[in-house]
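Subject: Handover of a structure and the findings from it

Dear colleague,

Please find below the structure that I am handing over to you. The findings follow it, arranged by topic.

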Amino acid sequence: MKTRVEKQIGSGLFWIETGEWAKQAHGSCVIGYNDNVVLCATTTAPSKPGQDFFPLTCDYRERVAAAGKFPGGFLKREGRPGLKEILTARLIDRPIRPLFPKGFYNDVQVFANVLACDRMVDPDVVAMNGCSTCLQLSPVPFMGPLGSARIGYVDGEFVPFPTSEQLENSELDLVVSGNMESVLMIEGFAREFPEPKMFEAIMTAHKYVRELCELQLEIVDLVKPEKAAFEPLNTQPMYDALFAKYYDEFRAAKKTVGKLARAEACDAVKEKAKAELVVETEEGSDEPNLFGPDYFEVAFNDFVERVVRDIILSQERLDGRGIKEVRPIECAINVLPRVHGSALFQRGETQALITVTLGTAKDEQRVEGLGDEYSKKFMLDYNFPPYSVGECKPYRGTGRREYGHGNLAERSVKSVLPSPEEFPYTIRVISDILESNGSSSMATVCGATLGLMSAGVPISNPVAGISIGLVKEEDGRWITITDIMGDEDHYGDMDFKVAGTQNGVTGIQLDLKTNGISKEIIAQTLKQAREARIGILRKMLSAAPRPAEEISEYAPRLLRMTIDPDKIGMVIGPGGKTIRAIQDSTGASVEIDNDGVVCVASNDQASAEAALKEISRLTASVEIGKTYEGVVTSIQNFGAFIEILPGRDGLCHISELSDEYVDNIQAFCKVGDKFDVKVIAIDDQNRVKLSRRAVLKERGETDRPEGAPEPEERPERPERGERRERRDRRERFD
């Protein structure tokens, strides 16, 4: 039986239906916002023997048929998920993962398929709410509801679920997920948004999150799904034994200086405990062995978590730092030859190597999706090879985590880039993580800023990033820590990344391992992150105070101009003949868009300028008072016709050819001679009158032989029209 609920939220209608589609899934629903429709379904399977992690898989797909489009390219069937789909799948995964009970290791798959899209509102947030709903309607022990809302900031007002047009003019693109009481996930990007305003935006978004939670609870109350019983593995006896016998020894090992040395010390304690505590299960016994190997692994992980959290709660750190202390930072630029820009950023045991490449318009990335196709002029790629954490394992290309971290860094830096009119280059940044012990994405943000300045990109402000951690206990105690390491991230409750300039936040991302944080924790985190960010920016600016004044000698020279769109055909020529001739003669590459923007690229500045000059000549309009370099195209007794622009010539009368008397024009010049001439008039029939004599006078030059006396002033020769008018008057008088 179909069940439907709906509610007006923001400027649109949210609705949820279940019971009619995908009935063999363990939980399913169809959710919509106006004309956006998403089918969400979940399935589950028992955990595999010995499994000690939660294998949650989230999948989000946007078939372009939902927007009434065909896929581009040769193949007309969708293939692997694109970047947008991968990023949305991560958005779905991150807030729902902490809402499963600890020790729940069953396989869970969540699918979201966009069925219809109005091409105005992004259906990603709609899918996030649908996935929470289908999990609540399934037997899995999901502790929902979980609402998700997007907020924009347009003309000084917060806008819920903004349209794509509103987002183009918005200073903020913020997605917040949470339950009725608290916030669970944040991801947003802004144009240097001040911290108090960002806090207000998060709280505004949470208001709509609560409304979406109420809508989900309404349909759950109507359906009344049955939940499967779940009993976690009883590891308490093993945990108690570990705590009683090895707590002090392991705590001392955890405070060993250096990541690798710390890991060795902790492994030694673990092997000792395992040898002393683990008892092999007797063959044929049906009773659970509470001191068996499986119980040991789970209990030891809980034991490590307790030790790390106790160290942090005592206001100590694993490496001896203070609660708000940032690890030592080292910065360097221009660390690689030949590349267009490079930098190395190291914070503690996290190291990012940055490479910057500058390209032309043909290097832009074309992006196709449910909306209109567009191109990207800025790309940031993040790579995380196994050697960065001392592991030896297969490296099979870019994973979802790398896409996510790259996108976070890219969008955090994008808002400070110059406009295409100011800096027309296509920019690609590559971040190779050479060493990692926490927050490599924020190291990428800092390194990317240094790399861009090294490449001579005139960014408006440098951007730095930092990650804030949290330990929150059930008794209400909590503490936030600055610049978390890997263990503090893994065993803590929060990874709250904040990137920005001295003026405000440009990127923000929150991931939790607990069921939400309060507004007090959010406010404290934003304040703490700003303090750390300002200190990091000072360190970065000591290495690169400002962007380089010149781009690399190995980067292409890029010049731009705008022409009348009606003259594009003149530049291209019949069958592309003219533009090919320009490229062949100058060695430069010429690109023209439909708006008349001409981009000339060359490895040689002189070649680029020569091509731009030729295009200027082709498309220029004749201006009175302007001097042109002209070529004599024909000679008459009364003057010379001179081409001053391609296809445009004018008459230089014999009286205007020189400051001396010209008796024989044929002896004075010939076809092919080049003169600088000035436009002195354009008559009502668009005929151009030129003067070489005026140019000589302006420049203080003369055609007189050296030592010859200056000629006497002679009256100006009447123009032909004036002489004809005098003759006509005499004839009428006679």
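**Helix packing**

Helix α5 (residues 236-254) and α7 have axes that come within 9 Å and cross at roughly 50 degrees. Axes here are lines fitted to C-alpha atoms, for helices over the stretch in contact, and angles run from 0 to 180 degrees between N-to-C directions. Helices (H or I, at least four residues) and strands (E, at least two) are DSSP runs, numbered from the N terminus.

The model is a predicted one, in which local features need pLDDT of at least 70 and side-chain atom pairs count only at pLDDT 80 or more, while totals for chains, interfaces and linings use all residues. Residues are numbered from 1 along each chain as its sequence is written, and side-chain values use heavy atoms, with hydrogens and water left out.

To return to the pair above, α5 and α7 are therefore oblique to each other; angles under 35 degrees count as roughly parallel, over 145 as roughly antiparallel, 65 to 115 as roughly perpendicular and the rest as oblique. Their crossing is right-handed, a term used if the near helix is turned clockwise from the far one by less than a right angle, with left-handed used if anticlockwise.

On the α6 side the contact is made by Lys-270, Ala-273 and Lys-274, and on the α7 side by Phe-296, Glu-297 and Phe-300. Three of the residues in this contact are nonpolar, none is polar and three are charged.

A further pair is formed by helix α1 (residues 83-96) and α2, which pack at an angle of about 40 degrees with their axes 10 Å apart. These helices are therefore oblique to each other, and α1 passes α2 in a right-handed crossing. In α1, Lys-84, Thr-88, Leu-91, Ile-92, Pro-95 and Ile-96 meet Asp-124, Ala-127, Met-128, Cys-131 and Leu-135 in α2. The residues of that contact comprise eight nonpolar, one polar and two charged.

**Two residues within helices**

Asn-129 is found in helix α2 and is buried, with a relative accessible area of 1%. Buried means under 20% relative accessible area, exposed over 50%, and partly exposed in between (1.4 Å probe, protein chains only). Leaving aside neighbours within four places in sequence, Asn-129 is in contact with Phe-14, Ile-31, Leu-146, Gly-147, Ser-148, Leu-212 and Gln-216.

Lys-259 lies in helix α6 and is partly exposed, at a relative accessible area of 24%. With neighbours within four places in sequence again left aside, Lys-259 is in contact with Glu-349, Val-389, Ser-436 and Asn-437. The C-alpha atoms of Lys-259 and Met-485 are 9.3 Å apart, although these residues are 226 residues apart along the chain.

**Cysteines**

The structure holds zero disulfides (a disulfide being a pair of cysteine sulfur atoms within 2.5 Å). For Cys-29, which is in no disulfide, the nearest cysteine sulfur is that of Cys-40, 4.9 Å away. Cys-29 counts as buried, at 2% relative accessibility. Cys-58 is likewise in no disulfide, and the nearest cysteine sulfur, that of Cys-131, is 6.5 Å away. Cys-58 is buried too, with a relative accessible area of 3%.

**Backbone features**

A cis peptide bond joins Gly-144 and Pro-145, with omega about 5 degrees. Pro-145 is placed in the loop between α2 (124-136) and β7 (147-154).

Glu-192, in strand β10 (residues 183-193), has a phi near 50 degrees, a positive value in a residue other than glycine. Arg-338 also has a positive phi, near 70 degrees. The place of Arg-338 is in the loop between β11 (329-333) and β12 (341-347), and at 57% relative accessibility Arg-338 counts as exposed.

Yours sincerely

Methods:
Contact = heavy atoms within 4.5 Å. Nonpolar A, V, L, I, M, F, W, Y, C, P; charged D, E, K, R; others polar.
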